[in-house]
Amino acid sequence: MALELFIVAMWIMVMAVCAFLVLAVAPLDIIMRDSPRIVVSAVQAIIAIVVVAILAFGLNRLRRAYANRRLHRN
């Protein structure tokens, strides 16, 4: 895997998470209209924290896979 492909894959993952947060988590305010604002914000924050943690885990696995391929080639 070339460095360019690694960087592209990394940015695709980051942009996918950003799109999910903007398109799925932000509209929870509309869906949970009857709930107090603090509850909606807490739900949004929990979802965002979990998604970012999953992103960090995924980026770490991608980095390890890239590093292993580079080490086995040389």
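I searched for aromatic pairs, taking rings of Phe, Tyr and Trp (its six-membered ring) with centres within 6.5 Å; planes under 30 degrees apart count as stacked, over 60 as edge-to-face and the rest as tilted. The count is one. F6 and Y66 are stacked, at 4.7 Å centre to centre and 20 degrees between the planes. F6 sits in helix 1 (residues 3-25) and Y66 in helix 3 (residues 37-73), so the pair ties together parts 60 residues apart in sequence. Helices here are DSSP runs (H or I, at least four residues), numbered from the N terminus.

The model is predicted: local features need pLDDT of at least 70, side-chain atom pairs need 80 or more, and totals for chains, interfaces and linings use all residues. Residues are numbered from 1 along each chain as its sequence is written, and side-chain values use heavy atoms, without hydrogens or water.

Next I checked burial (buried is under 20% relative accessible area, exposed over 50%, partly exposed in between; 1.4 Å probe, protein chains only). F6 is buried at 14%. Y66 is also buried at 14%.

I then listed the buried residues of helix 3: V40, Q44, V51, L55, G58, L62 and Y66. Their cover includes helix 1 and helix 2 (28-31). Residues three or four places apart on an α-helix point the same way, because it has 3.6 residues a turn.

What length does helix 3 reach from its first C-alpha to its last? I read 54 Å for its 37 residues, close to the 54 Å expected at 1.5 Å a residue (times one less than the number of residues).

Last, I looked up M15. M15 is in helix 1 and is partly exposed at 45% relative accessibility.

Key:
Helices (H or I, at least four residues) and strands (E, at least two) are DSSP runs, numbered from the N terminus. Contact means heavy atoms within 4.5 Å.
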